Amino acid sequence: MIEVTDTIKKAYEESTTQYDKIILDNEEYFIDNVQYCDDCYLDGNIFGTAIARTLDFEIENIVDLEEKEFEYLTGVKTENGIEWISLGNFITQEADPDELGNVITVSAMDYMLKSNVEYKTELDYGSGTVTILQVLQEACTLAGLVLATTDFANSTFIVDSNQFSEGSLIRQVFQAVAQISGTFAKIRSDNKLYFITPKRTGLTVREVHTMKVKDLDKLKVAKLVGCKNKIKPNDYSELTLKRNTHPINLVSLGMSDVEGENVVLRDEESIEEDGENSLVINDNPFAYTQSKREQLITAFFNVVKGFKYTSFEIIGQSKPYYETGDEVIVVDTDGTYCYSFLFRFNYKSRNGLESEMSAPSIIKATVAYQNVLSAEEIAKRTELIVDKQEQTITGIIESQGEFENQLTQVEQSIDSISQSVQDVTDYKREVEGITQIHLEDAGATDVLELEIRGNKTYECNLYPGENVFPSEDLYPNQEVI
(Lines give C-alpha, C1' and ligand atoms only; values in the text may rest on other atoms or scores of the structure.)
Protein backbone atom coordinates (compact mmCIF):
# COMPACT_ATOMS: atom_id res chain seq x y z
CA MET A 1 0.00 0.00 0.00
CA ILE A 2 1.20 3.50 -0.85
CA GLU A 3 1.56 5.61 2.26
CA VAL A 4 -0.94 8.49 2.19
CA THR A 5 -2.29 11.01 4.69
CA ASP A 6 -5.26 10.35 6.93
CA THR A 7 -7.10 13.18 5.19
CA ILE A 8 -6.80 11.33 1.87
CA LYS A 9 -8.16 8.14 3.43
CA LYS A 10 -11.02 10.10 4.96
CA ALA A 11 -11.79 11.80 1.63
CA TYR A 12 -12.10 8.45 -0.15
CA GLU A 13 -14.62 7.39 2.49
CA GLU A 14 -16.82 10.36 1.62
CA SER A 15 -16.23 11.30 -2.03
CA THR A 16 -15.81 9.80 -5.49
CA THR A 17 -14.58 12.98 -7.15
CA GLN A 18 -11.10 12.41 -8.51
CA TYR A 19 -8.51 14.44 -10.38
CA ASP A 20 -5.67 13.22 -12.58
CA LYS A 21 -2.54 14.76 -14.04
CA ILE A 22 0.85 13.93 -15.49
CA ILE A 23 4.16 15.69 -15.06
CA LEU A 24 6.34 15.87 -18.17
CA ASP A 25 9.55 17.93 -18.28
CA ASN A 26 8.51 19.66 -15.04
CA GLU A 27 5.22 20.77 -16.59
CA GLU A 28 1.79 19.63 -15.32
CA TYR A 29 -0.99 18.52 -17.70
CA PHE A 30 -4.46 17.45 -16.60
CA ILE A 31 -5.77 14.22 -18.13
CA ASP A 32 -9.19 12.56 -18.37
CA ASN A 33 -10.87 9.16 -18.83
CA VAL A 34 -8.11 7.38 -16.98
CA GLN A 35 -7.86 3.62 -16.75
CA TYR A 36 -5.04 2.28 -14.59
CA CYS A 37 -4.40 -1.48 -14.34
CA ASP A 38 -2.25 -3.21 -11.76
CA ASP A 39 -2.19 -7.01 -12.15
CA CYS A 40 -0.09 -9.93 -10.92
CA TYR A 41 -2.32 -12.84 -11.98
CA LEU A 42 -1.56 -14.75 -15.19
CA ASP A 43 -2.51 -18.23 -16.49
CA GLY A 44 -4.08 -19.28 -13.22
CA ASN A 45 -1.27 -18.22 -10.91
CA ILE A 46 0.47 -15.29 -9.26
CA PHE A 47 3.84 -16.90 -8.54
CA GLY A 48 6.45 -16.25 -11.20
CA THR A 49 4.68 -13.37 -12.94
CA ALA A 50 6.26 -10.05 -13.95
CA ILE A 51 3.43 -7.90 -15.30
CA ALA A 52 3.72 -4.20 -16.09
CA ARG A 53 1.18 -1.71 -14.79
CA THR A 54 -0.61 0.02 -17.65
CA LEU A 55 -2.11 3.48 -17.95
CA ASP A 56 -4.56 4.73 -20.61
CA PHE A 57 -5.95 8.26 -20.72
CA GLU A 58 -7.00 11.20 -22.89
CA ILE A 59 -5.21 14.53 -22.99
CA GLU A 60 -5.60 17.76 -24.90
CA ASN A 61 -3.39 17.79 -27.99
CA ILE A 62 -1.01 20.46 -26.72
CA VAL A 63 2.00 18.29 -25.85
CA ASP A 64 4.15 15.72 -27.62
CA LEU A 65 3.93 12.41 -25.74
CA GLU A 66 5.45 10.08 -28.35
CA GLU A 67 7.81 7.65 -26.53
CA LYS A 68 8.02 10.05 -23.60
CA GLU A 69 8.45 9.27 -19.91
CA PHE A 70 6.21 11.03 -17.40
CA GLU A 71 4.89 10.80 -13.84
CA TYR A 72 1.22 9.99 -13.17
CA LEU A 73 -0.61 11.42 -10.15
CA THR A 74 -4.19 11.01 -9.04
CA GLY A 75 -5.84 13.30 -6.51
CA VAL A 76 -8.88 13.71 -4.31
CA LYS A 77 -10.40 16.80 -2.74
CA THR A 78 -9.78 16.88 1.01
CA GLU A 79 -10.34 19.42 3.76
CA ASN A 80 -6.86 20.70 2.87
CA GLY A 81 -7.60 21.07 -0.84
CA ILE A 82 -6.64 18.57 -3.55
CA GLU A 83 -4.07 16.08 -2.28
CA TRP A 84 -2.12 14.03 -4.80
CA ILE A 85 -0.91 10.43 -4.86
CA SER A 86 1.96 9.57 -7.18
CA LEU A 87 1.61 6.19 -8.87
CA GLY A 88 5.04 6.39 -10.44
CA ASN A 89 6.59 6.92 -13.85
CA PHE A 90 5.23 5.57 -17.13
CA ILE A 91 6.54 5.37 -20.69
CA THR A 92 4.30 6.10 -23.68
CA GLN A 93 3.63 3.20 -26.04
CA GLU A 94 1.00 4.79 -28.24
CA ALA A 95 -0.28 8.35 -28.64
CA ASP A 96 -3.13 8.56 -31.17
CA PRO A 97 -4.98 11.81 -31.94
CA ASP A 98 -8.72 11.71 -32.62
CA GLU A 99 -10.21 12.56 -36.02
CA LEU A 100 -10.24 16.28 -35.28
CA GLY A 101 -6.78 16.24 -33.75
CA ASN A 102 -7.98 17.90 -30.55
CA VAL A 103 -7.53 14.98 -28.14
CA ILE A 104 -4.79 12.37 -27.88
CA THR A 105 -5.48 8.87 -26.55
CA VAL A 106 -2.36 7.63 -24.76
CA SER A 107 -1.33 4.10 -23.75
CA ALA A 108 1.65 3.73 -21.43
CA MET A 109 3.47 1.18 -19.23
CA ASP A 110 5.52 1.44 -16.07
CA TYR A 111 9.26 0.73 -15.86
CA MET A 112 8.73 -3.02 -16.36
CA LEU A 113 8.80 -2.03 -20.03
CA LYS A 114 12.55 -1.42 -19.67
CA SER A 115 13.04 -5.15 -19.10
CA ASN A 116 11.82 -6.02 -22.60
CA VAL A 117 15.38 -6.03 -23.91
CA GLU A 118 17.78 -8.92 -24.45
CA TYR A 119 19.71 -10.26 -21.47
CA LYS A 120 23.41 -10.14 -22.38
CA THR A 121 25.43 -11.19 -19.37
CA GLU A 122 29.02 -10.41 -18.49
CA LEU A 123 29.01 -12.53 -15.34
CA ASP A 124 31.71 -15.18 -14.96
CA TYR A 125 29.38 -18.11 -14.41
CA GLY A 126 32.30 -20.54 -14.57
CA SER A 127 33.82 -19.07 -11.40
CA GLY A 128 31.35 -21.00 -9.24
CA THR A 129 30.56 -17.90 -7.18
CA VAL A 130 27.66 -16.30 -9.09
CA THR A 131 24.39 -16.32 -7.12
CA ILE A 132 20.80 -15.87 -8.24
CA LEU A 133 20.84 -12.48 -6.51
CA GLN A 134 23.85 -11.42 -8.58
CA VAL A 135 22.12 -12.55 -11.78
CA LEU A 136 19.12 -10.45 -10.78
CA GLN A 137 21.24 -7.43 -9.87
CA GLU A 138 23.03 -7.56 -13.23
CA ALA A 139 19.70 -7.85 -15.07
CA CYS A 140 18.37 -4.78 -13.23
CA THR A 141 21.51 -2.79 -14.02
CA LEU A 142 21.25 -3.72 -17.70
CA ALA A 143 17.60 -2.60 -17.72
CA GLY A 144 18.28 0.62 -15.84
CA LEU A 145 16.16 -0.46 -12.87
CA VAL A 146 16.65 -0.17 -9.12
CA LEU A 147 16.20 -3.47 -7.24
CA ALA A 148 14.30 -3.01 -3.98
CA THR A 149 14.21 -6.67 -2.89
CA THR A 150 17.51 -8.40 -2.15
CA ASP A 151 16.37 -10.92 0.47
CA PHE A 152 14.31 -13.74 -1.02
CA ALA A 153 14.25 -17.53 -1.06
CA ASN A 154 17.20 -19.12 -2.91
CA SER A 155 18.92 -15.74 -3.40
CA THR A 156 22.32 -17.25 -2.45
CA PHE A 157 22.01 -20.31 -4.69
CA ILE A 158 25.08 -20.70 -6.93
CA VAL A 159 24.40 -20.52 -10.67
CA ASP A 160 27.15 -22.34 -12.57
CA SER A 161 26.10 -21.59 -16.16
CA ASN A 162 24.02 -19.13 -18.14
CA GLN A 163 20.76 -20.91 -18.98
CA PHE A 164 19.17 -17.93 -20.72
CA SER A 165 19.56 -18.52 -24.44
CA GLU A 166 20.37 -15.83 -26.98
CA GLY A 167 17.33 -13.60 -27.43
CA SER A 168 16.01 -14.10 -23.87
CA LEU A 169 14.58 -10.93 -22.37
CA ILE A 170 15.55 -9.46 -19.02
CA ARG A 171 11.89 -9.79 -18.03
CA GLN A 172 12.31 -13.55 -18.43
CA VAL A 173 15.14 -13.40 -15.91
CA PHE A 174 12.75 -11.65 -13.51
CA GLN A 175 10.13 -14.34 -14.10
CA ALA A 176 12.64 -17.12 -13.46
CA VAL A 177 13.75 -15.54 -10.18
CA ALA A 178 10.13 -15.01 -9.12
CA GLN A 179 9.28 -18.63 -9.89
CA ILE A 180 12.08 -20.14 -7.86
CA SER A 181 11.60 -17.74 -4.93
CA GLY A 182 7.81 -18.05 -4.56
CA THR A 183 7.18 -14.41 -5.47
CA PHE A 184 5.85 -12.19 -8.23
CA ALA A 185 7.85 -9.29 -9.69
CA LYS A 186 6.39 -5.79 -9.64
CA ILE A 187 7.39 -2.20 -10.30
CA ARG A 188 5.77 -0.14 -7.56
CA SER A 189 4.96 3.54 -7.35
CA ASP A 190 8.53 4.41 -6.30
CA ASN A 191 9.70 2.99 -9.68
CA LYS A 192 11.71 0.22 -8.02
CA LEU A 193 11.51 -3.51 -8.73
CA TYR A 194 10.05 -5.66 -5.93
CA PHE A 195 9.71 -9.42 -5.52
CA ILE A 196 6.59 -9.96 -3.45
CA THR A 197 5.15 -12.90 -1.56
CA PRO A 198 1.68 -12.10 -0.17
CA LYS A 199 1.86 -12.45 3.59
CA ARG A 200 -0.96 -12.79 6.08
CA THR A 201 -0.58 -10.50 9.08
CA GLY A 202 -4.23 -10.22 10.02
CA LEU A 203 -7.13 -12.62 10.43
CA THR A 204 -6.98 -16.14 9.04
CA VAL A 205 -9.53 -17.43 6.56
CA ARG A 206 -11.00 -19.78 9.12
CA GLU A 207 -11.47 -16.99 11.65
CA VAL A 208 -13.05 -14.77 9.04
CA HIS A 209 -16.11 -16.89 8.42
CA THR A 210 -16.90 -17.45 12.08
CA MET A 211 -17.18 -13.73 12.87
CA LYS A 212 -20.26 -11.53 12.62
CA VAL A 213 -20.21 -7.79 13.18
CA LYS A 214 -23.48 -5.88 13.41
CA ASP A 215 -21.93 -2.51 14.07
CA LEU A 216 -19.47 -1.66 11.26
CA ASP A 217 -17.69 0.76 13.59
CA LYS A 218 -16.31 -2.33 15.25
CA LEU A 219 -14.17 -2.82 12.16
CA LYS A 220 -11.52 -1.01 14.17
CA VAL A 221 -10.76 -4.45 15.61
CA ALA A 222 -9.13 -5.24 12.27
CA LYS A 223 -6.34 -2.82 13.13
CA LEU A 224 -5.58 -4.87 16.20
CA VAL A 225 -4.78 -7.90 14.06
CA GLY A 226 -2.60 -6.05 11.59
CA CYS A 227 -4.62 -5.54 8.40
CA LYS A 228 -4.83 -1.88 7.31
CA ASN A 229 -6.93 -2.28 4.17
CA LYS A 230 -10.67 -2.69 4.63
CA ILE A 231 -13.17 -2.78 1.77
CA LYS A 232 -16.58 -1.97 3.28
CA PRO A 233 -20.12 -1.95 1.82
CA ASN A 234 -20.00 1.78 1.09
CA ASP A 235 -16.93 1.15 -1.10
CA TYR A 236 -18.68 -1.07 -3.65
CA SER A 237 -21.86 -1.55 -5.64
CA GLU A 238 -21.27 -5.24 -6.40
CA LEU A 239 -19.52 -7.91 -4.35
CA THR A 240 -19.05 -11.56 -5.29
CA LEU A 241 -17.45 -13.76 -2.66
CA LYS A 242 -16.33 -16.95 -4.36
CA ARG A 243 -14.53 -19.51 -2.24
CA ASN A 244 -11.74 -20.08 0.18
CA THR A 245 -8.78 -21.49 -1.69
CA HIS A 246 -7.16 -24.52 -0.10
CA PRO A 247 -3.65 -24.13 1.27
CA ILE A 248 -0.74 -25.02 -0.98
CA ASN A 249 0.63 -28.23 0.47
CA LEU A 250 2.48 -29.87 -2.43
CA VAL A 251 5.24 -28.24 -4.45
CA SER A 252 6.88 -29.70 -7.54
CA LEU A 253 9.90 -28.62 -9.58
CA GLY A 254 10.36 -30.45 -12.86
CA MET A 255 10.81 -30.53 -16.61
CA SER A 256 7.68 -30.43 -18.74
CA ASP A 257 9.10 -32.53 -21.57
CA VAL A 258 10.94 -35.16 -19.52
CA GLU A 259 8.88 -37.72 -17.65
CA GLY A 260 9.89 -38.53 -14.10
CA GLU A 261 11.92 -35.35 -13.57
CA ASN A 262 9.73 -33.86 -10.83
CA VAL A 263 11.16 -33.19 -7.39
CA VAL A 264 8.29 -32.96 -4.90
CA LEU A 265 7.82 -31.84 -1.28
CA ARG A 266 4.56 -32.42 0.59
CA ASP A 267 2.92 -31.20 3.78
CA GLU A 268 1.38 -34.51 4.78
CA GLU A 269 -0.62 -33.10 7.69
CA SER A 270 -2.28 -30.50 5.47
CA ILE A 271 -2.87 -33.04 2.69
CA GLU A 272 -4.62 -35.31 5.16
CA GLU A 273 -6.95 -32.45 6.13
CA ASP A 274 -7.45 -30.56 2.84
CA GLY A 275 -6.35 -32.92 0.08
CA GLU A 276 -3.51 -32.22 -2.34
CA ASN A 277 -3.27 -28.61 -3.52
CA SER A 278 -0.17 -28.25 -5.60
CA LEU A 279 2.02 -25.55 -7.09
CA VAL A 280 4.06 -26.82 -10.05
CA ILE A 281 7.04 -25.00 -11.50
CA ASN A 282 8.44 -26.54 -14.69
CA ASP A 283 11.48 -25.68 -16.82
CA ASN A 284 12.92 -23.04 -14.51
CA PRO A 285 16.33 -21.97 -15.90
CA PHE A 286 17.98 -22.21 -12.47
CA ALA A 287 16.59 -25.71 -11.84
CA TYR A 288 17.77 -27.46 -14.99
CA THR A 289 19.14 -30.64 -13.37
CA GLN A 290 17.73 -33.07 -10.84
CA SER A 291 20.33 -32.18 -8.22
CA LYS A 292 19.66 -28.45 -8.58
CA ARG A 293 15.92 -28.98 -8.17
CA GLU A 294 16.61 -30.94 -5.01
CA GLN A 295 18.70 -28.05 -3.66
CA LEU A 296 16.21 -25.33 -4.60
CA ILE A 297 12.89 -26.87 -3.61
CA THR A 298 13.15 -26.63 0.19
CA ALA A 299 13.41 -22.84 0.44
CA PHE A 300 10.77 -22.45 -2.25
CA PHE A 301 8.42 -24.85 -0.44
CA ASN A 302 8.85 -23.05 2.88
CA VAL A 303 7.75 -19.75 1.29
CA VAL A 304 4.55 -20.91 -0.39
CA LYS A 305 3.47 -23.70 1.98
CA GLY A 306 0.09 -22.96 3.53
CA PHE A 307 -0.71 -20.01 1.24
CA LYS A 308 -4.49 -19.51 0.98
CA TYR A 309 -7.07 -16.73 0.74
CA THR A 310 -10.69 -15.95 -0.12
CA SER A 311 -11.41 -15.34 -3.80
CA PHE A 312 -13.60 -12.32 -4.57
CA GLU A 313 -14.67 -9.78 -7.21
CA ILE A 314 -15.73 -6.19 -6.50
CA ILE A 315 -17.04 -3.30 -8.58
CA GLY A 316 -17.08 0.03 -6.82
CA GLN A 317 -15.04 2.90 -5.45
CA SER A 318 -11.44 1.74 -5.48
CA LYS A 319 -8.68 3.42 -3.57
CA PRO A 320 -5.69 4.17 -5.78
CA TYR A 321 -3.23 3.83 -2.93
CA TYR A 322 -3.86 0.07 -2.88
CA GLU A 323 -1.29 -2.11 -4.67
CA THR A 324 -1.35 -5.71 -5.88
CA GLY A 325 -0.20 -8.07 -3.16
CA ASP A 326 -1.83 -5.99 -0.40
CA GLU A 327 -3.80 -7.94 2.13
CA VAL A 328 -7.42 -6.82 2.46
CA ILE A 329 -10.43 -7.49 4.64
CA VAL A 330 -13.65 -7.49 2.62
CA VAL A 331 -16.82 -6.86 4.62
CA ASP A 332 -20.15 -8.14 3.29
CA THR A 333 -23.40 -6.20 3.86
CA ASP A 334 -24.32 -8.54 6.73
CA GLY A 335 -21.07 -7.72 8.49
CA THR A 336 -19.25 -10.95 7.62
CA TYR A 337 -15.50 -10.62 7.30
CA CYS A 338 -13.63 -12.18 4.39
CA TYR A 339 -9.86 -12.15 4.45
CA SER A 340 -7.93 -12.00 1.19
CA PHE A 341 -5.39 -10.20 -1.04
CA LEU A 342 -5.65 -7.79 -3.93
CA PHE A 343 -4.30 -9.42 -7.09
CA ARG A 344 -6.11 -7.43 -9.81
CA PHE A 345 -6.83 -3.74 -9.67
CA ASN A 346 -8.51 -1.90 -12.55
CA TYR A 347 -8.88 1.70 -11.42
CA LYS A 348 -11.07 4.08 -13.42
CA SER A 349 -11.14 7.85 -13.01
CA ARG A 350 -13.09 10.01 -12.92
CA ASN A 351 -15.91 7.51 -12.82
CA GLY A 352 -14.33 5.66 -9.91
CA LEU A 353 -17.45 3.71 -9.03
CA GLU A 354 -16.75 1.45 -12.01
CA SER A 355 -13.35 0.36 -10.72
CA GLU A 356 -12.73 -3.37 -10.38
CA MET A 357 -10.82 -5.21 -7.66
CA SER A 358 -10.41 -8.96 -7.39
CA ALA A 359 -8.48 -11.96 -6.14
CA PRO A 360 -8.96 -14.74 -8.73
CA SER A 361 -8.52 -18.29 -7.51
CA ILE A 362 -5.19 -19.97 -8.08
CA ILE A 363 -5.93 -22.96 -10.30
CA LYS A 364 -4.91 -26.28 -8.78
CA ALA A 365 -2.27 -28.21 -10.74
CA THR A 366 -2.35 -32.01 -10.65
CA VAL A 367 1.06 -33.64 -10.27
CA ALA A 368 1.68 -37.39 -10.00
CA TYR A 369 3.83 -37.86 -6.93
CA GLN A 370 6.87 -40.06 -7.54
CA ASN A 371 7.57 -42.34 -4.60
CA VAL A 372 11.18 -42.82 -3.56
CA LEU A 373 12.22 -46.29 -4.70
CA SER A 374 13.37 -48.77 -2.07
CA ALA A 375 16.84 -50.32 -2.02
CA GLU A 376 15.44 -53.55 -3.46
CA GLU A 377 13.86 -51.78 -6.44
CA ILE A 378 15.63 -50.73 -9.59
CA ALA A 379 16.83 -47.11 -9.43
CA LYS A 380 16.51 -45.07 -12.58
CA ARG A 381 17.74 -41.63 -13.45
CA THR A 382 16.81 -39.68 -16.54
CA GLU A 383 18.32 -36.25 -16.92
CA LEU A 384 18.43 -33.72 -19.74
CA ILE A 385 21.09 -31.04 -19.24
CA VAL A 386 20.88 -28.04 -21.53
CA ASP A 387 23.80 -25.63 -21.44
CA LYS A 388 22.59 -22.71 -23.51
CA GLN A 389 25.78 -20.75 -23.06
CA GLU A 390 27.96 -23.56 -24.43
CA GLN A 391 25.21 -24.67 -26.83
CA THR A 392 25.30 -28.30 -25.81
CA ILE A 393 22.61 -30.78 -24.86
CA THR A 394 23.52 -33.82 -22.73
CA GLY A 395 21.06 -36.62 -22.11
CA ILE A 396 21.76 -39.18 -19.37
CA ILE A 397 19.81 -42.37 -18.76
CA GLU A 398 20.98 -44.56 -15.88
CA SER A 399 19.48 -47.77 -14.56
CA GLN A 400 20.76 -49.51 -11.45
CA GLY A 401 19.78 -53.04 -10.59
CA GLU A 402 21.01 -55.63 -8.16
CA PHE A 403 23.63 -56.93 -10.60
CA GLU A 404 23.73 -54.36 -13.38
CA ASN A 405 24.46 -50.68 -13.75
CA GLN A 406 23.74 -49.29 -17.23
CA LEU A 407 24.58 -45.74 -18.28
CA THR A 408 23.81 -44.16 -21.63
CA GLN A 409 24.98 -40.63 -22.32
CA VAL A 410 24.28 -38.65 -25.47
CA GLU A 411 25.94 -35.28 -26.08
CA GLN A 412 25.06 -33.03 -28.99
CA SER A 413 26.95 -29.88 -29.95
CA ILE A 414 24.88 -27.35 -31.85
CA ASP A 415 27.87 -25.43 -33.22
CA SER A 416 29.60 -28.40 -34.80
CA ILE A 417 26.39 -30.35 -35.47
CA SER A 418 28.12 -33.42 -34.07
CA GLN A 419 26.95 -36.13 -31.73
CA SER A 420 28.85 -38.52 -29.50
CA VAL A 421 27.23 -41.46 -27.76
CA GLN A 422 28.58 -43.30 -24.75
CA ASP A 423 26.86 -46.54 -23.80
CA VAL A 424 28.30 -48.48 -20.89
CA THR A 425 26.90 -51.54 -19.15
CA ASP A 426 28.51 -52.69 -15.92
CA TYR A 427 27.40 -56.24 -15.10
CA LYS A 428 28.38 -57.46 -11.64
CA ARG A 429 27.69 -60.72 -9.86
CA GLU A 430 29.54 -62.37 -6.97
CA VAL A 431 29.60 -66.16 -7.09
CA GLU A 432 31.24 -69.00 -5.18
CA GLY A 433 32.68 -72.01 -6.90
CA ILE A 434 32.38 -72.64 -10.60
CA THR A 435 29.31 -71.33 -12.32
CA GLN A 436 28.15 -70.34 -15.76
CA ILE A 437 27.67 -66.74 -16.77
CA HIS A 438 25.56 -66.13 -19.84
CA LEU A 439 26.22 -62.90 -21.69
CA GLU A 440 22.58 -62.50 -22.62
CA ASP A 441 21.96 -61.73 -18.94
CA ALA A 442 23.89 -58.50 -19.48
CA GLY A 443 21.92 -57.40 -22.52
CA ALA A 444 21.85 -58.11 -26.22
CA THR A 445 24.74 -55.99 -27.47
CA ASP A 446 28.25 -56.25 -28.87
CA VAL A 447 30.75 -57.10 -26.14
CA LEU A 448 33.78 -54.82 -26.34
CA GLU A 449 35.47 -56.05 -23.18
CA LEU A 450 34.82 -58.98 -20.87
CA GLU A 451 36.63 -59.41 -17.58
CA ILE A 452 36.22 -62.24 -15.07
CA ARG A 453 37.97 -61.93 -11.76
CA GLY A 454 38.41 -64.32 -8.87
CA ASN A 455 40.87 -66.52 -7.00
CA LYS A 456 41.05 -68.64 -10.14
CA THR A 457 39.87 -67.82 -13.61
CA TYR A 458 38.71 -70.67 -15.78
CA GLU A 459 38.42 -69.62 -19.38
CA CYS A 460 37.54 -73.20 -20.14
CA ASN A 461 34.13 -72.55 -18.63
CA LEU A 462 33.47 -69.62 -20.95
CA TYR A 463 31.39 -70.93 -23.79
CA PRO A 464 31.12 -68.40 -26.61
CA GLY A 465 27.73 -68.08 -28.23
CA GLU A 466 27.11 -67.71 -31.92
CA ASN A 467 27.54 -63.95 -31.73
CA VAL A 468 30.68 -64.01 -29.53
CA PHE A 469 34.07 -64.43 -31.19
CA PRO A 470 37.19 -65.04 -29.04
CA SER A 471 40.14 -62.76 -29.65
CA GLU A 472 43.69 -63.93 -30.40
CA ASP A 473 44.50 -63.74 -26.71
CA LEU A 474 41.67 -66.03 -25.61
CA TYR A 475 42.43 -69.78 -25.63
CA PRO A 476 39.51 -72.03 -24.66
CA ASN A 477 40.05 -75.23 -22.72
CA GLN A 478 43.27 -73.90 -21.18
CA GLU A 479 43.33 -73.54 -17.42
CA VAL A 480 44.94 -70.40 -16.10
CA ILE A 481 45.92 -70.33 -12.41
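This is a predicted model: local features need pLDDT of at least 70, side-chain atom pairs count only at pLDDT 80 or more; totals for chains, interfaces and linings use all residues.

Select Tyr-337, which is buried, with a relative accessible area of 0% (buried means under 20% relative accessible area, exposed over 50%, and partly exposed in between, with a 1.4 Å probe and protein chains only). Tyr-337 belongs to strand E18, residues 337-341, where strands (at least two residues) are DSSP runs of E numbered from the N terminus.

Residues are numbered from 1 along each chain as its sequence is written, and side-chain values use heavy atoms, with hydrogens and water left out.

Next, select Phe-57, Ile-59, Phe-174 and Phe-286, which touch the most other members among the 97 residues of the largest nonpolar core (a set of buried Ala, Val, Leu, Ile, Met, Phe, Trp, Tyr and Cys residues joined through side-chain atoms within 4.5 Å). If you centre on Phe-286 and ignore residues up to four places away in sequence, you will find that Phe-286 touches residues including Ile-132, Phe-157, Phe-164 and Leu-296, contact meaning heavy atoms within 4.5 Å.

Now move to Asn-89 in strand E6, residues 81-97. Is Asn-89 buried or exposed? Asn-89 is buried, with a relative accessible area of 16%, and its side chain is joined to that of Glu-69 by a polar contact of 3.4 Å (a pair of N or O atoms within 3.5 Å; within protein, one must be able to donate a hydrogen and the other to accept it, and residues adjacent in sequence count only if both atoms are side-chain atoms). Beyond its neighbours within four places in sequence, Asn-89 is also in contact with several residues, among them Tyr-111 and Asn-191.

Most residues other than glycine have a negative phi. The phi of Asn-191, however, is positive, near 70°.

For the last stop, select Glu-67, in the loop between strand E4 (54-60) and strand E5 (69-78). Its phi is also positive, near 55°, but Glu-67 counts as exposed, at 70% relative accessibility.

Terms used. Helices (H or I, at least four residues) and strands (E, at least two) are DSSP runs, numbered from the N terminus.
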